[in-house]
Amino acid sequence: MLCSMHKWLISRAVDSKKQIPAFTKRHLGRCDSCRKFTQLCGSLKQRFAHDTTAILKGYNKAIDQKIISALPEIKESRSTLSRQGVGPNLFSKRTFLVPSLVAASLVLVISISILFLTLPRSSEVNSLANMSDLFKRAYPVRILEKAESPLEKEYTELKETIESTAKFLISRLDVRLGR
Amino acid sequence: MDKDTILKDLSDEELAADTAAGSCSSFEELISRYSPRLFYFLRHRTASDQNVEDLIQETFLKAFRNIDRFDPKRNFSTWLYTIAARQAVSLYRANKAKKPSLVPMASSQDPQEIVIQKQESQNLWILAKKLSRKEYKTLWLYYAEDMPIKNIAEIMKKKKVTVRVLLHRARINLAKKLDKSVYSESFAGENSAEHKFSFSEIGEI
Ligand SMILES: [Zn+2]
């Protein structure tokens, strides 16, 4: 049971490119099976990359020709549908939505430019200073500082680890109940 | 610069947009990029080579027919693999209904096939084919396609946590197959079955 949980945390560390939790690291010191699993997980990316290149070389391209020969017929039926006005091309997102979005963005940019040009510079500086003041009053400890503090980071990581392990254990419990 | 070189320089999404604009040669380039990858994605031990070839053909033709619906801002490989996965599910269900038609692919006695099988036997993907279909496909998308979990979840119609569990399960079972003696010890007390977890939410794919 414990090994299962540690192996899950090892897998999770590989997928999220994060560090293996400290208590799993301690377990690795005394568990051969988990240590071997960690080594395997670490080597899989490279091994599969190598073996993917090797296996793709053996593919028989004959099937491609069969598909390619069927394309003109489908293309013809697609263009017939378009000519009849029922094809997806006529009212597709690209032909309908994109020009409208471009026009809307253009109007927005022009409006903002007019506003920007008509406002006096001093008021702009003042309003920015006011906003910065307001922000300082609202958030006495800067959000970035808070996010970067080691304690906060450790707390977040621990919370994620516990959540993930709980999800894994719940899934297992689910199976046993379902059987 | 010739036409083929230009096509090879284009991204999948640009080629898809060109196809939507009427270029068949752009789609041919996409076929040459993706058919080998789709072939091995779909080539599980429970599917015959003929089934896999039919699936690839159906996938590309469906993609070509619906290329207008593809949004070039999205990832083309996720879109194409989603179509392939849906086609595979339909075929699997149809085959399940007919039962005896699920032909294991290793039955061929063709000498050339035997040579290929010998060359391939050292390949990790051959070992991975012995895993469950869902585990194999998750491994393929994660390691061969280098896809993020989020995209794999989209293709396989699963939650992200389910994909993570499938990946984990695949690694555990692969480890067991790679080194039976070491791994069988650590699992003997837990569960002797090949796939010890089976989540109700992990459906067929
Ligand atoms: Zn252990």
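Reader: Which residues do ring pairs link into a cluster?
Author: This is a predicted model. In it, ring pairs join Phe48(A) and Tyr59(A) with Phe39(B), Tyr40(B), Trp125(B), Tyr136(B), Trp140(B), Tyr142(B) and Tyr143(B) in a cluster.

Reader: How many aromatic pairs are there over all chains?
Author: The count comes to 15 aromatic pairs over all chains. One of the pairs is Phe27(B) with Phe60(B): the ring centres are 6.2 Å apart and the planes stand at 85°, so this pair is edge-to-face.

Reader: Which parts does that pair tie together?
Author: Phe27(B) belongs to helix α3 (residues 24-42) of chain B and Phe60(B) to helix α4 (residues 49-65) of chain B, so the pair connects parts that are 33 residues apart in sequence.

Reader: Is Phe27(B) buried or exposed? And Phe60(B), buried or exposed?
Author: Phe27(B) has 0% relative accessibility and therefore counts as buried. Phe60(B) is buried as well, with a relative accessible area of 1%.

Reader: What about Tyr142(B) and Tyr143(B): what kind of aromatic pair do they form?
Author: Tyr142(B) and Tyr143(B) form an edge-to-face pair, with 4.9 Å from centre to centre and 90° between the planes. Both of these tyrosines are buried.

Reader: Now charges. Which ring does the charged end of Arg37(B) sit over?
Author: The charged end of Arg37(B) sits over the ring of Tyr34(B), 4.2 Å from its centre. Lys137(B), in turn, lies over the face of Phe41(B), 5.5 Å from the ring centre.

Reader: Let us turn to chain A. Where is Ser11(A) found?
Author: Ser11(A) is part of helix α1 (residues 2-16) of chain A. At 1% relative accessibility, Ser11(A) counts as buried.

Reader: What does Ser11(A) touch?
Author: Leaving aside residues up to four places away in sequence, Ser11(A) touches Phe37(A), His168(B) and Arg171(B). With His168(B), a polar contact of 2.8 Å joins the two side chains.

Reader: One last topic: why is helix α9 of chain B largely enclosed by the rest of the structure?
Author: Helix α9 (residues 149-156) of chain B has six of its eight residues buried, so the rest of the structure largely encloses it.

Reader: Which residues in α9(B) are buried?
Author: The buried residues in α9(B) are Ile149(B), Asn151(B), Ile152(B), Ala153(B), Ile155(B) and Met156(B).

Notes. Residues are numbered from 1 along each chain as its sequence is written. Chains are lettered from A and ligands numbered from 1 in the order in which they are written. This is a predicted model: local features need pLDDT of at least 70, side-chain atom pairs count only at pLDDT 80 or more; totals for chains, interfaces and linings use all residues. Side-chain values use heavy atoms; hydrogens and water are left out. Buried means under 20% relative accessible area, exposed over 50%, partly exposed in between (1.4 Å probe, protein chains only). Helices (H or I, at least four residues) and strands (E, at least two) are DSSP runs, numbered from the N terminus. Rings of Phe, Tyr and Trp (its six-membered ring) pair if their centres lie within 6.5 Å; planes under 30 degrees apart count as stacked, over 60 as edge-to-face and the rest as tilted. A charge sits over a ring if NZ of Lys or CZ of Arg is within 6 Å of the ring centre and within 35 degrees of the ring normal. A polar contact is a pair of N or O atoms within 3.5 Å; within protein, one must be able to donate a hydrogen and the other to accept it, and residues adjacent in sequence count only if both atoms are side-chain atoms. Contact means heavy atoms within 4.5 Å.
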